[in-house]
Amino acid sequence: MATLCRPAIAVPEHVITLDQTLALARTLHAGHPQLGLALRLIENTGVRTRHLVQPIERTLTHPGFTVRNEVYEREAKRRVPEVVERALGHGELTARDIDLIVYVSCTGFMMPSMTAWLINTMGFRSDTRQVPIAQLGCAAGGAAVNRAHDFCRAYPGANVLIVACEFCSLCYQPTDLGVGSLLSNGLFGDAVAAVVMRGQGGRGMRVEHNGSHLVPHTEDWISYGVKDTGFHFRLDKRVPGTMEMLAPALRGLAGEHGWDVSGLGFYIVHAGGPRILDDLCRFLDLEPAAFRHSRATLTERGNIASAVVFDALARLFAEGGAPEGTTGLIAGFGPGITAEISLGSWACDPAEPVLLRPCAISTSDITLVHPTASRRFPAGTTITE
């Protein structure tokens with residue numbers, strides 16, 4: 001089975017705090033009739049710091065879509081390669097080992113895609129396949145994992161590189177004054193992430209099943225208005241309540257494969273906002289700690305769009321990962337309204353010892369199986385670490 005290895009993450013050097021965000025909102029929108037509501041909503045996001053690809057003074061100017069897209073391309077080419085190199089190192093692979101590159105981004109546009117530039121400049125083979133994903137928004141991180149898994153199932157032993165590059169600050173629109181737009185100005189941040197999915201070997205989440213779910217007739221809940229000034233983000237006030245519709249999809253996909261979604265060992269989900277996580281706790285009957293990695297991403301980096309799930313997964317790795325065989329879930333949520341869901345179990349590096357907890361066997365013979373060996377034990381055997 002394909003294994004999603006440790007992600008590499010990078011955030012830009014320019015930082016804006018919650019207090020600075022609130023102060024700017026009070027200054028820039030002093031006469032706004034709903035300023036008080038917008039300020040409360042921004043405070044309630046739980047976001048304390050965000051990273052921006054440009055200084056805040058430059059972020060707040062709008063030189064036109066042409067210049068902004070030039071910034072996107074320049075900064076992507078400057079920042080992505082180092083993250084890719086680290087992700088390849090985490091997966092113990094080289095560029096020559098990669099068979100497919102999936103590049104996800106909804107905050108800038110390039111054609112040819114960034115995938116072509118990476119192949120030409122970083123030593124990937126010329127027959128490396130390319131899958132750019134540009135219109136799934138925050139769900140694209142989950143979609144990239146699922147498409148990588150599909151590819152590894154179709155081509156056993158193949159390896160996939162996933163890259164997420166989101167410069168959400170380049171979508172700031174000073175003339176968009178709706179409460180949803182003001183909230184977005186205090187919610188989204190910038191980040192680059194990369195991760196390898198290995199067709200064989202590796203340590204991380206061994207993906208076993210994946211699926212998608214679209215909530216009918218919600219296309220206009222999260223969308224872009226594409227205008228002369230670029231991408232105008234539109235957020236419907238009903239979006240925070242979407243987990244009531246998507247939580248059953250998570251439970252249903254798990255149930256199809258005989259898994260209990262409320263009994264998994266780890267959860268890596270897109271944290272679009274705090275209510276998403278609070279509602280998942282309620283609808284899936286989980287403790288808040290289940291989503292600690294996603295909440296930490298939201299608090300420290302804001303909503304970094306498709307990169308959220310990779311940042312949260314990196315935090316699980318930093319925590320030491322999970323015991324061999326622990327089941328878990330990755331889910332990205334975004335426009336559509338769409339959920340992209342992966343189910344899998346934790347795979348330790350084959351070089352790591354597999355510890356067996358004591359148990360007494362008094363029924364029929366059993367066969368004990370782990371990733372590198374299996375052994376048969378007769379009835380009555382006591383197995384210890």
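Mentor: Rings of Phe, Tyr and Trp, with Trp counted by its six-membered ring, form a pair if their centres lie within 6.5 Å. Keep in mind as we go that this is a predicted model. One aromatic cluster is formed by F65, F188, Y224, F231 and F233, and the structure as a whole holds nine aromatic pairs. In the pair of Y224 and F233, the ring centres are 6.4 Å apart and the planes stand at 80 degrees, so this pair is edge-to-face, since planes over 60 degrees apart count that way. Y224 is partly exposed, with a relative accessible area of 27%, and F233, at 21% relative accessibility, counts as partly exposed too. Rings can also have a charge over them: R129 lies over the face of Y155, at 4.8 Å from the ring centre, and R282 lies over the face of F283, at 4.4 Å from the ring centre.

Now let us turn to the helix, which is α8. It runs over residues 243-256, has 14 residues and reaches 19 Å from its first C-alpha to its last, close to the 20 Å expected at 1.5 Å a residue. Its residues M243, L246, A247, A249, L250, L253 and A254 are buried, and, seen down the axis of α8, the buried residues fall within an arc of 155 degrees, so they line one face of the helix.

What covers the buried residues of α8 includes β9, α9, β13 and β14. In α9, the buried residues are I276, L277, D279, L280, C281 and L284, and they pack against α8, β12, α10 and β13. After α9 comes D285, whose phi is positive, near 55 degrees.

Finally, the largest nonpolar core has 77 residues, of which I162, L280, L329 and F333 touch the most other members, while helix α11, residues 308-318, gives the most to this core, with eight residues. If we leave aside its neighbours within four places in sequence, L329 is in contact with several residues, including L250, M205, F266 and I341. L250, as you will recall, is one of the buried residues of α8.

Methods
Residues are numbered from 1 along each chain as its sequence is written. This is a predicted model: local features need pLDDT of at least 70, side-chain atom pairs count only at pLDDT 80 or more; totals for chains, interfaces and linings use all residues. Side-chain values use heavy atoms; hydrogens and water are left out. Helices (H or I, at least four residues) and strands (E, at least two) are DSSP runs, numbered from the N terminus. The expected span of a helix is 1.5 Å times one less than its number of residues. Buried means under 20% relative accessible area, exposed over 50%, partly exposed in between (1.4 Å probe, protein chains only). The arc is that of the directions from the helix axis to the C-beta atoms. Contact means heavy atoms within 4.5 Å. A nonpolar core is a set of buried Ala, Val, Leu, Ile, Met, Phe, Trp, Tyr and Cys residues joined through side-chain atoms within 4.5 Å. Rings of Phe, Tyr and Trp (its six-membered ring) pair if their centres lie within 6.5 Å; planes under 30 degrees apart count as stacked, over 60 as edge-to-face and the rest as tilted. A charge sits over a ring if NZ of Lys or CZ of Arg is within 6 Å of the ring centre and within 35 degrees of the ring normal.
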